[in-house]
Amino acid sequence: MAAELGITPAQAALALLLRRSPNLLPILGMSSAAHLVENIGALGVALSADQFRRLAEMV
């Protein structure tokens, strides 16, 4: 799914959580500034209803 969207698996996971509940605030541990930038990138991911359903089924 991440490859289909052109994003990382971590961004796909975060996008799923954010779509599930816009009031959700994932608290992430990061080991580098690059991880922070990657995680912030998940905010711009727009999952379609079908993509959301497929991702949710994987969890």
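**Exercise 1.** Is Glu57 buried, partly exposed or exposed? Determine also which residue forms a salt bridge with Glu57, and where the two residues lie.

*Solution.* The model examined here is predicted.

Step 1. The relative accessible area of Glu57 is 56%. Exposed means over 50%, so Glu57 is exposed.

Step 2. The partner of Glu57 is Arg53, and the closest N and O atoms are 3.1 Å apart.

Step 3. Both residues belong to helix H4, where four residues, about one turn of the helix, separate Glu57 and Arg53.

**Exercise 2.** Trace the salt bridges of Asp50 and state which residues are linked in the network.

*Solution.* Side chains of opposite charge can pair when their charged atoms come close.

Step 1. Asp50 meets Arg53 in a salt bridge, at 2.5 Å from N to O. In helix H4 (residues 49–58) Arg53 and Asp50 are three residues apart, which means a separation of about one helical turn.

Step 2. Asp50 also forms a salt bridge with Arg54, with 2.8 Å between the closest N and O atoms. These two residues of helix H4 are four residues apart.

Step 3. Consider accessibility. Asp50 has a value of 34% and is partly exposed; Arg53, at 40%, is partly exposed, and Arg54, at 26%, is partly exposed.

Step 4. The network links Glu4, Asp50, Arg53, Arg54 and Glu57. The count of salt bridges is four.

**Exercise 3.** Describe the lining of the largest pocket and the place of Asn39 in it.

*Solution.* Step 1. The largest pocket holds about 170 Å³ of space. H2 and H3 are the elements that give two or more residues to its lining, and H3 supplies the largest share, three residues.

Step 2. By type, the lining has ten nonpolar residues, one polar and no charged. Among the lining residues are Leu14, Leu28, Met30 and Asn39.

Step 3. Asn39 is located in helix H3 (residues 33–41). Its relative accessible area is 15%, and buried means under 20%, so Asn39 is buried.

Step 4. Not counting residues up to four places away in sequence, Asn39 touches Leu14, Leu28 and Met30.

**Exercise 4.** Which backbone atom does the side chain of Gln11 reach?

*Solution.* Step 1. Gln11 is part of helix H2, and at 11% relative accessibility Gln11 is buried.

Step 2. Its side chain reaches the backbone oxygen of Glu38 at 2.9 Å.

Step 3. With residues up to four places away in sequence left out, Gln11 touches Glu38, Gly41 and Ala42.

How values were computed:
Residues are numbered from 1 along each chain as its sequence is written. This is a predicted model: local features need pLDDT of at least 70, side-chain atom pairs count only at pLDDT 80 or more; totals for chains, interfaces and linings use all residues. Side-chain values use heavy atoms; hydrogens and water are left out. Buried means under 20% relative accessible area, exposed over 50%, partly exposed in between (1.4 Å probe, protein chains only). Contact means heavy atoms within 4.5 Å. On a 1 Å grid over the protein atoms alone, a cavity is a set of points where a 1.4 Å probe fits but cannot get out, and a pocket is an open set with protein on both sides within 12 Å along at least five of seven lines; lining residues have an atom within 4 Å of a point. Grid points are joined across faces, edges and corners, and a volume is the space filled by probe spheres set on the points. Ala, Val, Leu, Ile, Met, Phe, Trp, Tyr, Cys and Pro count as nonpolar, Asp, Glu, Lys and Arg as charged, and the others, Gly among them, as polar. A polar contact is a pair of N or O atoms within 3.5 Å; within protein, one must be able to donate a hydrogen and the other to accept it, and residues adjacent in sequence count only if both atoms are side-chain atoms. A salt bridge is a side-chain nitrogen of Lys or Arg within 4 Å of a carboxyl oxygen of Asp or Glu.
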